[in-house]
Amino acid sequence: MEQIKSHIRNIPDFPKPGIQFKDITPLVKHPDILNSAINELIKPFDGKDIDYVAGMEARGFIFGALAARALNIGFIPLRKPGKLPYDVQSISYDLEYGSAALEVHIDAVNPGDHVILVDDLIATGGTAAASCTLLENLGAVIAGCAFVVELDELKGREKLSKYLVHSLVHY
Ligand code: AMP
């Protein structure tokens, strides 16, 4: 995990003053570190009966698609509004300032499908909680949530208390 952490770069005051942005581009650039991050990410789910990995735009696509490949299952993209071409189900959620929304194709899952949610980072947990609800509204069962980075003091995990939450490095 220390090797993974040492390939995450902190960028102070990005995109706004006061935010410590965790930049995962050095990690994804490094083949061995990327490989071990994906192996660690899927560990609690390997060998379990999981149907899909869902990942949020945009960095959740990188880790989510690779996790899906490693588990030999399919990937479901959750996207910002207006990007998915077919009929969608949407969810809006509150951010610290303002709100955001995510969409998924209405036929992305069948009722009862087991899905894990993957993103690069959990901060307040708002994005992940909304993503789980969005998938549950289509009938999915959330088998767990996996993140490369968890910002402990924002207590995002509390918003996901119903689910198994797995993260690799903590700040
Ligand atoms: P939240 O909904 O507060 O848990 O925010 C999580 C989402 O925002 C994830 O998709 C992250 O990629 C992004 N995010 C939030 N805070 C940071 C941060 N400090 N560094 C990098 N990404 C962040």
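Predicted model: local features only at pLDDT ≥ 70, side-chain atom pairs only at ≥ 80, totals over all residues.
## Who surrounds the ligand

Residues are numbered from 1 along each chain as its sequence is written, and side-chain values use heavy atoms, with hydrogens and water left out.

Helices (H or I, at least four residues) and strands (E, at least two) are DSSP runs, numbered from the N terminus.

## Polar contacts and cover

Now for the polar contacts (pairs of N or O atoms within 3.5 Å). Thr 127 uses a polar side-chain atom, which lies 2.5 Å from an oxygen atom of the ligand. With Gly 125, a backbone N or O atom lies 2.7 Å from a ligand oxygen atom. Gly 126 also has a backbone N or O atom facing a ligand oxygen atom, at 3.4 Å.

How much of the ligand's accessible area does the protein cover? On its own the ligand has 490 Å² of accessible area, and the protein covers 82% of that (Shrake-Rupley method, 1.4 Å probe).

## The largest pocket

The ligand takes up the space of the largest pocket, with more than half of its atoms within 2 Å of the pocket's grid points. A pocket here is an open set of points on a 1 Å grid over the protein atoms alone, where a 1.4 Å probe fits, with protein on both sides within 12 Å along at least five of seven lines.

The volume of the largest pocket is about 1,300 Å³, taken as the space filled by probe spheres set on the points. Of its 35 lining residues (an atom within 4 Å of a point), the closest to the centre are Ile 19, Arg 59, Leu 121, Ala 123 and Thr 127. Two or more lining residues come from each of β2, β5 (88-94), β6 (99-105), β7 and α5. β7 gives the most, with 4 residues. By class, the lining has 19 nonpolar, 6 polar and 10 charged residues.

Two loops are worth a look. In the loop between β1 (9-12) and β2 sits Pro 15, joined to Phe 14 by a cis peptide bond with omega about -5°. Asp 13 is in the loop between β1 and β2, and its phi is near 60°, a positive value in a residue other than glycine.

Another cis peptide bond joins Glu 57 and Ala 58, with omega about 0°. Ala 58 lies in the loop between β3 (52-56) and α4 (59-71).

Terms used: Polar contact = N/O pair within 3.5 Å; in protein donor to acceptor, adjacent residues only side chain to side chain. Nonpolar A, V, L, I, M, F, W, Y, C, P; charged D, E, K, R; others polar.
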